[in-house]
Amino acid sequence: MRVIDHRPSLHIAEVPSPTPKAGEVLIRVAYAGVNRPDILQRRGSYPPPADATPYMGLEVSGTIIGLGEGVNNWKVGQQVCALTPGGGYAEEVVTAAGHCFPIPQGFSMLQAAAVPETYLTVWANLIERGRLRAGETVLIHGGSSGIGITAIHLAKWVGAIVITTVGNEEKMRICTSLGADHVINYKTQDFQTVVKEITHGQGVNMVLDMVAGPYVEKNLRSLALEGRLVQIAFLQGSKVEVDWNTLMMRRLTFTGSTLRARPLEEKSRLVQTLHARIWPELEAGRLLPVIDSEFPFNEVEKAHDLMESSVHIGKIMLKVGHD
Ligand SMILES: NC(=O)c1ccc[n+]([C@@H]2O[C@H](COP(=O)([O-])OP(=O)(O)OC[C@H]3O[C@@H](n4cnc5c(N)ncnc54)[C@H](OP(=O)(O)O)[C@@H]3O)[C@@H](O)[C@H]2O)c1
């Protein structure tokens, strides 16, 4: 099969097809989602888990073409979208049977491939870890990212008030149209000051952050009493000096998590939860992924360049095979 290898630089390679082990399925890939962690992996700063394939690609849609021992909940020929342990940038990929979803009714294969990584990440961090509830106010950084848009959608679905930060005017307009209640251009405004104004000095109940670095202390200072800060990435660095007094005086919780490193069973549980809670919303059209652009398999470099430019709004997708 053909796969995109990033070592030493992006190119298409011919490698043997993977074989599904017990509990796994083999998928012929139609579309793969491009996610920021792929960029980090390509650059060598986000090594895959020791037992994972070395290739990039954390989510796909496609058709099941092989079953490992003991898999009885899927059949060859069924179309699925799935979280993958890596290796999604390929014509064929193996993943745990428990990490597959049926294609949401009414969704194209392109749309379906845009769902697993961001919805699972946001569910795990915004809803479960961050315990966001109706009526609360949440600050979501990187509002125009694949993750950020999903977070805006899920926060509104929960019934929360959403404040989000973005880097330009066009992203401001789009995030407003997607349901964000307040959008801050962090390049022209100080988000901590604006959050204080919007919340009448109270602060927000939760912050979902991917930036870190200088944001850490400002995030802590933007939180209300008993507020929660959930860290999902460190785009501006993970080593910072912080005055922790705010954490103690406001009884704050600072936590974070990453999806890829979670045990298989834990990811299967998240898949089941998302299928039960979110699939009906996707199928009813109340939640939809936002797709910025689609690139052919052999133009993966353009897809990565676009992501690194941060000009995109929503998901960047790779067309790998046929629907
Ligand atoms: N913890 C997990 O399990 C998990 C899973 C998936 C993804 N993630 C993380 O979530 C983040 C979003 O992922 P994605 O795939 O949705 O990526 P994405 O669409 O590329 O979004 C990243 C956004 O962050 C902003 N940004 C980029 N570089 C920045 C910098 N140096 N400082 C501040 N802002 C910057 C950009 O928006 P502006 O133009 O508005 O600045 C960009 O659109 C990534 O950091 C990724 O590593 C975490």
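Predicted model: local features only at pLDDT ≥ 70, side-chain atom pairs only at ≥ 80, totals over all residues.
Which residue forms a salt bridge with R133? The partner is E136, and the closest N and O atoms of the pair are 3.2 Å apart. R133 is partly exposed, at 45% relative accessibility. E136 has a relative accessible area of 9% and is buried, because buried means under 20%.

Other charged pairs follow. Side chains of opposite charge can pair when their charged atoms come close. The count of salt bridges comes to 16. One of them joins D181 to K156, with the closest N and O atoms 2.8 Å apart. This pair links distant parts of the chain. D181 sits in the loop between α5 (169-177) and β10 (182-185), while K156 belongs to helix α4 (residues 146-158). The two are 25 residues apart. D181 is partly exposed, at 38% relative accessibility. K156 is partly exposed too, at 31%.

K302 and E299 make another salt bridge, with 3.5 Å between the closest N and O atoms. K302 counts as partly exposed, at 47% relative accessibility. E299 is also partly exposed, with a relative accessible area of 28%. Elsewhere, salt bridges that share partners join E128, R262, E266 and R269 into one network.

Helix α11 spans residues 300-309, and its buried residues are V300, A303, H304, L306 and M307. Seen down the axis of α11, these residues fall within an arc of 160°, so they line one face of the helix.

S310 lies in the loop between α11 and β15. Its relative accessible area is 30%, and S310 is partly exposed. Most residues other than glycine have a negative phi, and most peptide bonds are trans. E226 is found in strand β12 (residues 223-231). At 44% relative accessibility, E226 is partly exposed. The peptide bond between R7 and P8 is cis, with omega about 5°. P8 is found in the loop between β1 and β2 (11-14).

Now turn to the ligand. Which residues come nearest to it? Of the 24 residues around the ligand, they are R36, S145, K171, Y186 and L259. A backbone N or O atom of G146 lies 3.0 Å from an oxygen atom of the ligand. For G167, a backbone N or O atom lies 2.8 Å from an oxygen atom of the ligand. A polar backbone atom of I232 is 2.9 Å from a nitrogen atom of the ligand. On its own, the ligand has 920 Å² of accessible area, and the protein covers 91% of that.

I232 leads on to strand β11. I232 is in contact with L208, a residue of that strand. Is L208 buried or exposed? L208 is buried, with a relative accessible area of 3%. Leaving aside neighbours within four places in sequence, L208 also touches N125, L126, L139, I140, H141, A151 and V230. R286 gives a sense of distance. L208 and R286 are 22 Å apart, C-alpha to C-alpha, and 78 residues apart in sequence.

T199 lies in the loop between α6 (191-198) and β11 (204-209). T199 is buried, with a relative accessible area of 10%. The side chain of T199 reaches the backbone oxygen of V195 at 2.7 Å. Not counting residues up to four places away in sequence, T199 touches T137, I163 and V204.

Methods: Residues numbered from 1 in each chain as written. Heavy atoms only, no water. Buried < 20%, exposed > 50% of the residue type's maximum accessible area, 1.4 Å probe, protein only. Helix = DSSP H or I, 4+ residues; strand = E, 2+ residues; numbered from the N terminus. Arc of directions from axis to C-beta. Near = heavy atom within 4 Å. Polar contact = N/O pair within 3.5 Å; in protein donor to acceptor, adjacent residues only side chain to side chain. Areas by Shrake-Rupley, 256 points an atom, 1.4 Å probe, with all protein chains shown as cover. Salt bridge = Lys/Arg side-chain N within 4 Å of Asp/Glu carboxyl O. Contact = heavy atoms within 4.5 Å.
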